[in-house]
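Here is a short report on one protein chain. Keep the sequence and the structure in view while reading.

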Amino acid sequence: MHVRDFRETDRRALTGLWEACGLARPWNDPNADIDRAVAAREATILVGYCGDQLIGSVMAGHDGHRGWVYYLAVDPAHHGRGAGRELMEEAGLWLASRGAPKLELMVRDGNDRAAKFYESLGFERQQVTVYGKWLKAPPESSARKAS
């Protein structure tokens, strides 16, 4: 797998990958998330290719206090071959190069497969609870699902 920075020509394949991996949510427009990451100085999207096929991605950002990872995705046909591990390593290197002392991420309740994967990489469950508050009304249909 070859890992590189996102390019605009990756957009369609990237959003398709996120859909195929079940990462898309009605209240998170993937194109808007891409636009925000591309526009931010302290964020990046890394993509992984095998030949001409996009098979993986990871979004990373640094908030000035710690690094965060979002949208780790690996094409289901490529699971178990180390692509997720490699993408997480690249995200960690990117964040460390910007001074992030710690990498954090969120795993949705019930996503035991993801939790086990991250634990295999040395991540530990933190003793915190994440709270959220909408600053802009979510789409009507997703407001019920997001709560």
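## Terms and source

Two strands pair if DSSP finds at least two bridges between them. Helices (H or I, at least four residues) and strands (E, at least two) are DSSP runs, numbered from the N terminus. This is a predicted model, in which local features need pLDDT of at least 70, side-chain atom pairs count only at pLDDT 80 or more, and totals for chains, interfaces and linings use all residues. Residues are numbered from 1 along each chain as its sequence is written, and side-chain values use heavy atoms, with hydrogens and water left out.

## Overall build

The protein chain has five helices and five strands. From the N terminus, its elements follow the order β-α-α-β-β-β-α-β-α-α. The radius of gyration, taken over C-alpha atoms, is 15 Å. The globule rule (2.2 Å times the number of residues to the power 0.38) gives 15 Å for 147 residues, so the chain is as compact as a globular protein of that length. Along the principal axes, the C-alpha atoms fill a box of roughly 40 × 35 × 30 Å.

Of the 147 residues, 35% are buried. Buried means under 20% relative accessible area, exposed over 50%, and partly exposed in between (1.4 Å probe, protein chains only). The accessible surface comes to about 9,600 Å², and 49% of it belongs to carbon and sulfur atoms. These areas come from the Shrake-Rupley method with a 1.4 Å probe; for residues, only the protein chains shown count as cover. Contact means heavy atoms within 4.5 Å. Among contacts between residues at least 6 apart in sequence, 63% join residues at least 24 apart.

Five strands form an open sheet in the order 1-2-3-4-5, with mixed pairing. Strand 1 (2-5) and strand 5 (103-105) stand at the edges; each has a single partner strand, so one side of each lacks a neighbour in the sheet. The twist averages 30 degrees from one strand to the next. For that angle, axes are lines fitted to C-alpha atoms (for helices over the stretch in contact), and angles run from 0 to 180 degrees between N-to-C directions.

Strand 2 (residues 43-50) pairs with strand 3 (residues 53-62) in the antiparallel sense, over eight bridges. Tyr 49 has Leu 54 of strand 3 as its bridge partner. Strand 3 and strand 4 also run antiparallel, joined by six bridges. Here Met 59 is bridged to Tyr 70 of strand 4. The hairpin of these two strands has four residues between them, and its Gly 64 takes a positive phi near 95 degrees. Strand 4 and strand 5 pair in the parallel sense over three bridges. In this pair, Gly 67 has Leu 103 of strand 5 as its bridge partner.

Tyr 71 lies in strand 4. At 13% relative accessibility, Tyr 71 counts as buried. Its phi is near 50 degrees, a positive value in a residue other than glycine. Most residues other than glycine have a negative phi.

Leu 105 sits in strand 5. Which residues does Leu 105 touch, not counting residues up to four places away in sequence? They are Trp 68, Val 69, Met 88, Tyr 118 and Phe 123. Leu 105 and Leu 72 are 33 residues apart in sequence and 9.9 Å apart in space, C-alpha to C-alpha.

Helix 1 (residues 11-20) buries Arg 11, Leu 14, Thr 15, Leu 17 and Trp 18. Seen down the axis, these fall within an arc of 155 degrees, so they line one face of the helix. The arc is that of the directions from the helix axis to the C-beta atoms. Arg 12, Glu 19 and Ala 20 are exposed on the other side. Cover for the buried residues includes helix 2 (30-39), strand 2, strand 3 and strand 4 (67-74). Just after helix 1, Gly 22 takes a positive phi of about 75 degrees.

In helix 2, Pro 30, Asp 33, Ile 34 and Ala 37 are buried. Their arc is only 100 degrees around the axis, which puts them on the same side of helix 2. The face turned away from that side carries the exposed residues Arg 36 and Ala 39. The buried residues of helix 2 have cover that includes helix 1, strand 2, strand 3 and strand 4.
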